[in-house]
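Reader: I'm new to protein models and a bit lost. Could you show me how to read one, a feature at a time?
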Amino acid sequence: MKLTILSTSDTHGYVLPTDYMRRDQDLPFSLAKAKTVIDQVKATADEVLTVENGDWLQGSPLAYYAARVHPDPAQLTAGYAAVGYDLGILGNHEFNYGSEYLQQAISGLNYPILCANILRAGQPAFGRPYELVKRGGVTIAVLGLTTDYIPHWEGQQNIAGLTFVPALAAAKDWVPRLRALADVVVVCYHGGFERDLITGEPTEALTGENVGYALTQVPGIDALVTGHQHRELAGIVNGVPVTQPGYRGANVGRIDLTLTPTLAGWQVTAKHATLVATGTASAADAVTAAVADPAAKVEDWLDSPLGRVTGDMTIHDAFAARVVESPYIEFINRVQMAATGTDISGTALFNNDGRGFGQVITMRDVVTNYIYPNTLAVVRLSGADLKAALEQSAEYFALTADGHLGISPRFLDPKPQHYNYDMYEGIDYQIDVAQPVGQRITALTYHGQPVTAAQSYDVAVNQYRAGGGGDFRMFDHSKIIRENQKDMTELIADYLRAHPVLPGTANHNFTVLPKM
């Protein structure tokens, strides 16, 4: 017999084929298109197991609307319930709106959530650690794991009382037990790969955020479904078939296991992994109908005007906006300073999709540019910490072979990390990319005076960075002196209501050399 394991991961609430930049889109992704592909495979495959692999509760304007504007997770989960999953797991972004909201959302699903390594009082906090599934006389054990790095990113109020067991340790504990219960062991892991899949060489700092490669070395795993990094991967790693299907439902991961009965039980005698693109599929009516009412309300909400610009706050070139300060970035920093009572702030242009603001600013502009449900924290940093943070951000740049300014490859591959390059307001500084890494900040002043190593500075950043997210080790929760618990989307909207006309200018307080 052949067992086919189909998975989505990192759909981030993109139930419909739109990025919300405008109405009436039909883009090459979405949960609704993934549903069509899943149904097509089911129609021809032998035995099928379907998995939702995490990061489904946050990310899209629909997800934000369901969590914050008119709180009711069913407006989103109805779409996931319409897919026909056999089971699901949790991603790190499931915790962005707190444990209570997450529990409400889980209650709206019609499939079990598996999570073996997030505990409360020593017991699984969300669903069961594993599930035993029967297909054609074969018993399949499915183990659910989530990256245990969540406490490094998430505000403590959202994860209070939870214990995050290292995913690798949980796998080593559970897999031998599951092998005694089942013919096939499948691990569904919301995490990615820390090493090159061919050479085994590290591709990132080995912090434990991603342990996919190490999981393929745990004896007894027949298939590994991954996510988190938004990579498009399919293949055999250390003898284990693996998939990672990208972002927003652009692909469905497919693993095929050929199972043969032997005297010792069913054995995997052949294996194959691939990705099935969803772009040309039609959106499944069952999914679109399930969210039709809230989706229409979201579009009207997105078109609500908030302010206008007298200058130019558009972003035409994302790289250029990171080299020469964009009025949009200065605006975000000023929102952060106003919301926290600070005069130093750092933020990032998270990806290359944001386009800044046109002449009229709508809620659509806000949520499609500022894509994360960040809250803000004020961290008290020494001058040495502040300079170290700037030096780490400066690693984003590299010189090309002909001496021009470019992006360091490690910020592009294996996963784009534009969100780990911060730009600051309230200080004046210069980055000289021709200098060695760690020595690129060649000028740094605050109110016209040099920043000194021992002096303290209060800096507004988002919670991700404040907790050390992005491996910025000069930040940590012990340095947080106060917080603002409103989402940045709300803070931006509040600021625009108080300042409905924006000048659309920038003071160019930082310089990157060599100039473009």
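This is a predicted model: local features need pLDDT of at least 70, side-chain atom pairs count only at pLDDT 80 or more; totals for chains, interfaces and linings use all residues.

Reader: Okay, strands next. What is the order of the strands in the open sheet of 6?
Author: In general, the strands of a sheet pair through backbone hydrogen bonds, either parallel or antiparallel. In this open sheet the order is E4-E3-E2-E1-E14-E15, and the pairing is mixed.

Reader: And which strands stand at the edges?
Author: Those are strand E4 (113-114) and strand E15 (265-277). Each has a single partner strand, so one side of each is left without a neighbour in the sheet.

Reader: Do E2 and E3 run parallel or antiparallel?
Author: Strand E2 (residues 47-52) and strand E3 (residues 87-89) pair in the parallel sense, over 2 bridges.

Reader: What about the hairpin of E7 and E8?
Author: Strand E7 (residues 130-135) and strand E8 (residues 138-146) are antiparallel, with 6 bridges. Leu 132 stands opposite Ala 141 in E8. The hairpin has 2 residues between its strands, and Gly 136 takes a positive phi near 55°.

Reader: Which strands are joined to E25 by bridges, and in which sense?
Author: Strand E25 (residues 428-432) is joined by 4 bridges to strand E26 (residues 441-446), running antiparallel. Another 4 bridges join E25 to strand E31 (residues 510-513), and that pair runs parallel. Look at Tyr 429: its bridge partner in E26 is Leu 444, and in E31 the partner of Tyr 429 is Phe 510.

Reader: Last one: at what angle do helices H2 and H9 pack?
Author: Helix H2 (residues 61-69) and helix H9 (residues 292-302) pack at about 90°, with their axes 10 Å apart. That makes H2 roughly perpendicular to H9, because angles of 65 to 115 degrees count that way. On the H2 side the contact is made by Pro 61, Leu 62, Tyr 64, Tyr 65 and Val 69; H9 brings Pro 294, Lys 297, Val 298, Trp 301 and Leu 302. By class, that contact has 9 nonpolar, no polar and 1 charged residues.

Technical notes
Residues are numbered from 1 along each chain as its sequence is written. Side-chain values use heavy atoms; hydrogens and water are left out. Two strands pair if DSSP finds at least two bridges between them. Axes are lines fitted to C-alpha atoms, for helices over the stretch in contact, and angles run from 0 to 180 degrees between N-to-C directions. Angles under 35 degrees count as roughly parallel, over 145 as roughly antiparallel, 65 to 115 as roughly perpendicular and the rest as oblique. Contact means heavy atoms within 4.5 Å. Ala, Val, Leu, Ile, Met, Phe, Trp, Tyr, Cys and Pro count as nonpolar, Asp, Glu, Lys and Arg as charged, and the others, Gly among them, as polar.
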